[in-house]
Amino acid sequence: MLTSRSGSTVTDVDSKPTSEYHDEKPSKKRGRFVSRLFQVSRSSSSSHAKKMSSSSNSRPESTSSPAASSAATTPYSRSTSEQQPAYKRVLRDVPVADSVEMQQQSELVFVTSSPADSWKEEMAKLTRSIAQHSSSGGINHEDEWKAARNLASSVIRAWVVRPGAGTQSTVIPGPESFAERNKRDCLSCPKCGGVLYQVVSLACGHSFCRKCATALDHCYKCNRADNPAGQADQLKTNVTVSTLVAKWWANELTAVELRNLGNQDFSSQQYDQALDKYNQAAQSAAGDFTLLSNRSHCFSKMGKFEEALKDADLVIRLRPNWPKVRENGYYRRAEALKGLGRHEDALLSLLHCAAMERTLMSDVRDDIAKALYGIVSSAAKQKTLRTVDRTMAGGNTSRASDNDDSSSSSSDGAVMAAAAASASRCLTSETEEEDDSDVLRNSPERMMALSIHQQDIHPKLHQLIDRILSELERLQKSSQSVSIRMVDPAKVDIVDFECTLCCRLMWQPVTTPCGHSFCRTCLDRCMDHKAACPLCQTSLETYLAERKQCLTEFLDYVMATYLPNEYAERSILHDEEMKELASSHNIPIFICTMAYPTVKCPLHVFEPRYRLMIRRSMESGSRQFGMCSYVQDQPQGFAEFGTMLEVNDVEFFPDGRSVVETVGGRRFRVLRRGVLDGYCTATVEYLMDQPVDPSRVETVKALHDRVRQEAQNWISSAPANLRQRILGHFGVMPDVEPDWITLPNGPAWLWWLMAILPLNPKAQVATLSMTQIEKRLEAIQRGVAYVRQRTL
């Protein structure tokens with residue numbers, strides 16, 4: 001292990017067993033050259049090791065002297081034959097062990113290569129491999145292509161994920177993603193980010209261009225997977241939203257229509273006509289980034305790469321975070337740059353494509369690999385030419401100029417081909433020595449190849465890596481943000497947002513599948529009577545059955561943003577209405593049967609007036625309403641006394657009916673009666689049992705025990721079918737509460753018994769109205785005796 005005492009952590013270099021590289025014939029040796037060595041200063045005044053880089057691609061001078069050999073291998077603390085190639089090293093961070101042995105180690109340490117160094121080594125290796133195949137006439141480049149793809153993956157990962165402490169990793173900070181930006185923009189299409197063209201609103205309330213909606217499997221904003229793609233064909237254009245879009249962004253809609261016509265011409269390879277359509281569209285909407293991307297592509301197809309580059313740069317300024325592969329500004333820029341022969345700049349643009357969205361890594365990897373392969377191949381050709389020139393210079397007394405034309409004559413070409421083959425064999429011997437003979441080691445061809453290898457033969461590739469890292473650092477510091485779509489406040493008119501049913505500003509607007517928008521409460525009230533659109537009479541049975549009336553985000557956002565005062569007034573009015581509905585002074589009355597405290601009372605609701613009443617009780621938050629029995633001779637047909645029901649659960653059916661699970665609460669007396677939207681209301685006072693006189697407590701307790709026992713005797717002696725119906729509908733008799741005598745409604749078992757006794761309505765109302773528990777016990781005792789006499 002090679003360590004440094006300069007910090008809390010050091011870098012450890014793990015190498016594979018040397019036998020993996022040396023299990024060959026004894027006459028053959030395999031070695032590798034250390035790509036980068038650093039020397040730590042021995043100065044005692046510094047507390048940290050200072051690294052000095054030696055030449056990249058240098059080889060220790062061969063010598064037979066033990067001292068010289070030791071000096072050559074000191075930095076690595078291993079023999080030359082044990083050195084491993086840089087691309088085989090595994091890097092990890094390990095804590096420093098504070099030991100005497102470590103302190104006595106050599107001051108010279110090996111410092112592992114950075115990502116830039118690794119990429120440079122991989123590029124150099126790929127360059128040598130391509131040069132060898134080219135000089136030897138090789139045709140199979142599968143290995144080189146695989147190496148280029150691996151290098152591209154490595155570079156892309158560095159652009160997407162930045163290494164952190166230990167196993168942590170963080171996404172490169174920068175401009176917000178295209179999807180995040182679209183979540184903030186409530187006035188544009190969440191998928192394409194452009195103006196809403198032929199807008200449709202999904203069940204979740206988010207609006208899309210129709211073309212975008214047909215290709216969706218989930219909503220881009222809320223990830224709701226309600227098979228929107230299957231529903232989009234059935235959805236009609238949102239009438240209100242499309243009217244507003246045409247009023248506010250008419251020029252952009254015209255540009256979209258022209259762009260679509262241009263796309264058709266482009267598909268037919270009529271580039272001149274397509275360009276004419278794009279130019280007309282650009283006059284209407286100069287900021288349409290999709291249009292500019294298409295025009296840039298058209299320019300590239302026509303060979304007008306300068307114009308294509310200008311449009312691509314403008315797309316990047318408008319939408320630097322647009323992730324759409326092969327259409328975003330960076331990809332269009334790469335196309336134009338490749339056409340101009342600026343391959344390195346094109347590579348950087350492709351890397352920007354990968355940095356914007358992690359999901360695009362696999363989509364652009366092959367494009368980046370092709371760009372890398374082309375750049376490295378060009379470097380390999382230049383390397384081969386330099387090797388040929390210098391080999392020729394070594395074999396002749398005169399030095400060939402780097403600027404000589406290698407194809408001046410056929411004889412010169414033959415000489416250069418022979419020299420290239422010789423140089424290739426020399427470079428191959430750099431990793432495998434087949435003979436220990438001093439004659440072969442010191443041959444002119446080999447010495448010339450080594451001298452070439454010791455030089456920095458890839459300066460342009462190294463500069464490219466430095467550019468990549470520099471651009472990556474700039475991207476990490478970038479904080480550019482894109483503004484969202486705005487509306488001219490002068491064009492916003494409150495009349496455009498009035499509900500056609502209540503003629504007020506729409507509150508909680510919802511849109512039907514037929515494309516009409518209403519207040520949610522207004523639409524619900526209409527569907528209580530008929531499951532059809534109030535305007536066009538389109539059937540809404542499926543819409544009613546699914547019950548997915550979500551707010552239309554576009555309308556609600558515009559009203560809240562551009563009509564703040566009117567929106568606030570409408571909100572206050574709605575809250576006041578809900579408070580009035582939830583008020584205990586004016587409660588809704590359900591006229592059906594008698595209900596009792598603590599006793600469950602399931603209801604089947606199908607009348608429109610009661611559907612509205614139940615929905616309002618849920619929306620207001622009260623979750624309760626009054627229940628009174630029907631009495632013909634009373635005003636409005638309901639009894640003077642009743643019971644409050646608290647809603648536990650509501651189960652809706654596709655046709656609008658519902659089953660409401662309720663339980664009895666407080667008793668009340670009706671003081672005033674009224675009607676609201678078809679159902680009855682009442683002002684009430686709540687009833688409570690009067691405290692028992694202390695002198696009557698024992699008498700009341702004895703009466704309580706006696707009545708309970710008589711009731712149990714009657715139930716146990718009743719016919720089996722009657723007992724089964726009682727237990728199936730009401731359950732078993734409740735236990736006696738320890739403090740039953742002080743409860744506001746008395747013991748629960750009394751009301752359970754009242755619910756199963758077949759008494760006439762007047763007797764039921766009379767018993768419910770009693771506020772003295774002793775009188776109620778006596779009345780129930782008489783009722784039990786009467787029923788027992790009739791059933792036995």
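Begin by selecting residues 624–629, which form strand β11 of this predicted model; five of the six residues in this strand are buried, so β11 is largely enclosed by the rest of the structure.

To find a place where the two strands face one another, pick out I589, which stands opposite G626 in β11.

Next, select residues 641–652, the stretch that forms strand β12. This strand also pairs with β11 over four bridges, but here the pairing is in the antiparallel sense.

Now leave the strands and turn to the cysteines. How many disulfides does the count come to? The count comes to zero. A disulfide is a covalent bond between the sulfur atoms of two cysteines.

Select C526 together with C522, and look at the sulfur atoms: the cysteine sulfur closest to that of C526 belongs to C522, and it lies 7.1 Å away, which is too far for a bond. Is C526 buried, partly exposed or exposed? With a relative accessibility of 26%, C526 counts as partly exposed.

Finish with C533 and C514. The sulfur of C514 is the nearest cysteine sulfur to C533, at 3.5 Å, yet C533 is in no disulfide, because the two sulfur atoms would have to be within 2.5 Å to be counted as one. C533 has a relative accessibility of 1%, and therefore counts as buried.

Technical notes. Residues numbered from 1 in each chain as written. Predicted model: local features only at pLDDT ≥ 70, side-chain atom pairs only at ≥ 80, totals over all residues. Heavy atoms only, no water. Buried < 20%, exposed > 50% of the residue type's maximum accessible area, 1.4 Å probe, protein only. Pairing = 2+ DSSP bridges.
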